[in-house]
Amino acid sequence: MEWLKSRPIFWQNGLIESIGIPRIIIAGFLVFLFVLAVVLKMDLTFLISDSLVRIGMNGLLVLAMVPTITCGAGLNFALPVGILCGLVGGVVSMSLNLRGWVGFGTAALLGIVLAWILGYVYALLLDKVQGQEMMVGTYVGFSMVAGMCIFWLAAPIKNPAMVFAIGGQGLRYTLTLENYYCKLLNHFLEIKLWGITIPTGLLMFFGLGCALMHFFLKTRVGRAMAAAGSNPLFAKSSGVNLNAMRHLGVVISTVLGAIGILAYAQSYGFLQLYTAPLYMAFPAVASILIGGASLQKASISQVVIGTILFQTLLTIALPVTQTVLSGADVSEIARMIISNGMILYALTRGERRR
Amino acid sequence: MSESAVLELIGITKDYYGVTVLKGIDLKVKPREIHGIIGENGAGKSTLMNILFGMSVIHETGGFQGEIRIDGEPVVIDSPARAMELGIGMVHQEFMLLPGFSIAENIKLNREITCSNVISRVMGKSMETLDFKAMRQDARSALDHLSINIDETLPVAGLPVGYMQFVEIAREIDKKNLRVMVFDEPSAVLTESEAGLLLEAMRRLSEKGIAILFITHRLDEVMAVAHSISILRDGQLVARMERDQARIDKIAEWMVGRKVERSVLAKRPVAEDEAEDVILEIHDLSVEMPGEVVHRFDLKLRRGEILGIGGLAGHGKIGVANGIMGLYPARGSVFKDGLPVSLNNPRQALLSGMAMVSEDRRRVGLWMDESIEMNISFTAMQVQGKFLWPGPLERLRREDRTAMREHALTMIKDLDIRCTGPQQIVRHLSGGNQQKVCLARALTMKPDILWASEPTRGIDIGAKQLILDYLVRCSREGGMTIVMTSSELGELRRICDRIVIMYEGRISGILPPDASDMEFGMMMAGKYQSGKGVGIDGMA
Ligand SMILES: Nc1ncnc2c1ncn2[C@@H]1O[C@H](COP(=O)(O)OP(=O)(O)OP(=O)(O)O)[C@@H](O)[C@H]1O
Ligand SMILES: [Mg+2]
């Protein structure tokens, strides 16, 4: 017990606990990498620009975890459902040959409508498996991706830029958005500062999503959703409809998945079909957990911090380690270790709390 | 008593986030001693016991200073498991039962009786099969010890709070190496006769050589069983006395640091039965609340009255409010001001102008991880659209923190909620102050009818006076109709206009508050049927 008494005052007040040990370690590691990058005389401005882009690209997908956590359904491992809706929107808008803002807008609108419907259906399914949402979600996501592979092959789309060159039937694995809305958000109000490129539009899009979510959580229905998720009996006794709140949370998350993937795709430059969405949920899950969220509670600041830490780590760690290890490609391995490790850590921690 | 102390606490000091809640507490108990610990809400009683029991809240908030000695040996108690090893048992203020398991399993939790089987012979003791029969028998005998006849195979989820209390107690007394037993307000939800059983069980325990620490807000209980008494005020030990030096009024004075005056409420003119102004008519109400079933309940509630519902635990007194407010499945018809109120729909019940203080404050009454202001305003915000910024769609209107805070501040002042401010997390409040938040939540609805189940549970004598006064004022000045369920008959008799006594889910009779103790007693025991008159010879 002695060591407890001798803790410094900032520790006793819970400052470190509130920031969280994992975040301190990761932030420390990031600082270390930055220093290393400087020592190795790497192009810092490039690394930072790249990080900013990746933060903006992935942000909304991470944000999609907030509504399901809040409404008590845990992490949304069925994020691919929303992602697929967004991709369908993108494909349709492309086949209609819509370009620029119109193309992006149509894709998003279609994606939202589809995600709203499918999200609701998925939410109804979850009613039957309460308490196992995350496991069921993983499988629903996987099966949806598999099922959609058939759709991509059979889709009645004739645009030659989109279908396989040979045979003329079936969509290609990746559809290039060049000439459509490639980097539309990234270039919107783009700023160049000391050699750093700031993708203002993309970051604003992410920021707008966060702001709306922040507002939503403080509205009457947002509060009801949080109460239903964290203390169902309390919510019920206040006249909150528990099922409706869970449905709403799942629907919003799915919609965010749809918009999120379009923001991601326009920056990446391609719509990735077939098995690409399979593992999309995992980096998003890892990010929000790194940000300090638990299976029961998540906040917007945790989304932002988590996305920044996770994406910066990925962008910076790879080139630096590559330089140090002279060329070995450890990027994919590092990503897997970090994201899966983080998920595992959070899941074990979450179980113990119950 | 020249025996040496089995448990000694020396100079216990504890602070939570910079606020000192215990200052150098010294405490000694000998084997066979029942030691009463009393003090106002927030005085630090539960905190002291949590320290003794090695609860994790203590260590997560920076530990404590001071020393604990068992048999004169300094010990480190860093977890409840360690405390149990040392022979310390505790019945907590808030229940700690696993809802998914049966009563017997809860009683034997972590001390399961096992028999060896093929696998366990290879893999070791943790793989042994549970001996359910032996476990049931043990649980049964522990329950019998408390003279409680409830089926030990029932699941704990949904049990009425009064029963959960006995299950908790049974779990503790089933432990074999027990040396020190802590009761943190075990009697708060029990009626006098049930509390009597509990006190009896405590006496038997102490005769077996166990030292008992007993926290309660009912001073007469302390006077009845305790051998010695410690009084805490604002985290300090202000007095320790032997039973024979103690007097109730003196104790109360020590507790609050000033003279306690019992305010006398003006008696209301007796309502004229003829001109009955009925606000709520309940017809044929049946409620399926496990352990508190209500059968075919009929009642006409008069506008502006304070109606009490009393009865023993398990006889349905709690079921009525829970059924009408839609929290448990109910059948029957309810008319408010002549309009039907749909059952099984909490929102409709709330919209029709009723509100409820739940007897289960931890699960139903409070959102533990939220602030006081959020807890107080949540229901009114959801149902009545109060505390929202203006805007087109009510659902998407944003909460108005300023209004919430302002309102919370008045409530904190009116009900004397001891806290650091409206933003304090409810979990960090003492039990009695949490109860006041529950009450504030219901009052914020400004209901026509307030269903208050055990509204003064765990509230100290000073605050209880204040709250009862407040309820009476709501009724007399605000015209609120109040239905108060309480296990404390004295409290009902103090403020109610009529008192309904329940027996086996039915109304056993309705009595005026000044009816004799005997009449109340017989009704509770089901020996008095309304309309049939008293049958003294019918008494067993
Ligand atoms: N987990 C916690 N975090 C911060 N403060 C706490 C916590 N638990 C209790 N407190 C504070 O410590 C003080 C003592 O609380 P405690 O629960 O010991 O009171 P109590 O004597 O048991 O009161 P009651 O009769 O109402 O149960 C209170 O001011 C309370 O607000
Ligand atoms: Mg207490």
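## Domains and a helix pair in chain B

The model is predicted.

### Domain 1 and domain 3

Start with how these two domains of chain B meet. Domain 1 of chain B puts seven residues in contact with nine residues of domain 3 of chain B. The table lists values for this pair.

| Domain 1 and domain 3 of chain B | Value |
|---|---|
| Area buried between the domains | about 580 Å² |
| Share of the buried area on carbon and sulfur atoms | 44% |
| Salt bridges between the domains | one |

Which residue forms a salt bridge with B:Glu40? The partner is B:Arg418. Their closest N and O atoms are 3.3 Å apart. A salt bridge needs a side-chain nitrogen of Lys or Arg within 4 Å of a carboxyl oxygen of Asp or Glu, so this pair qualifies.

### Helix 14 and helix 16

Now take two helices of chain B. Two packed helices are described by an angle and a distance between their axes. Helix 14 of chain B covers residues 372-384, and helix 16 of chain B covers residues 431-443. They pack at an angle of about 35°. Their axes lie 7 Å apart. The crossing of helix 14 past helix 16 in chain B is right-handed.

Which residues of helix 14 of chain B meet helix 16 of chain B? Helix 14 brings B:Ile372, B:Asn375, B:Ile376 and B:Thr379. Helix 16 brings B:Val437, B:Ala440 and B:Arg441. By class, this contact has four nonpolar, two polar and one charged residues.

Key:
Residues are numbered from 1 along each chain as its sequence is written. Chains are lettered from A and ligands numbered from 1 in the order in which they are written. This is a predicted model: local features need pLDDT of at least 70, side-chain atom pairs count only at pLDDT 80 or more; totals for chains, interfaces and linings use all residues. Side-chain values use heavy atoms; hydrogens and water are left out. Axes are lines fitted to C-alpha atoms, for helices over the stretch in contact, and angles run from 0 to 180 degrees between N-to-C directions. Helices (H or I, at least four residues) and strands (E, at least two) are DSSP runs, numbered from the N terminus. A crossing is left-handed if the near helix is turned anticlockwise from the far one by less than a right angle, and right-handed if clockwise. Contact means heavy atoms within 4.5 Å. Ala, Val, Leu, Ile, Met, Phe, Trp, Tyr, Cys and Pro count as nonpolar, Asp, Glu, Lys and Arg as charged, and the others, Gly among them, as polar. Buried area is the accessible area (1.4 Å probe) that two parts lose on being put together, summed over both.
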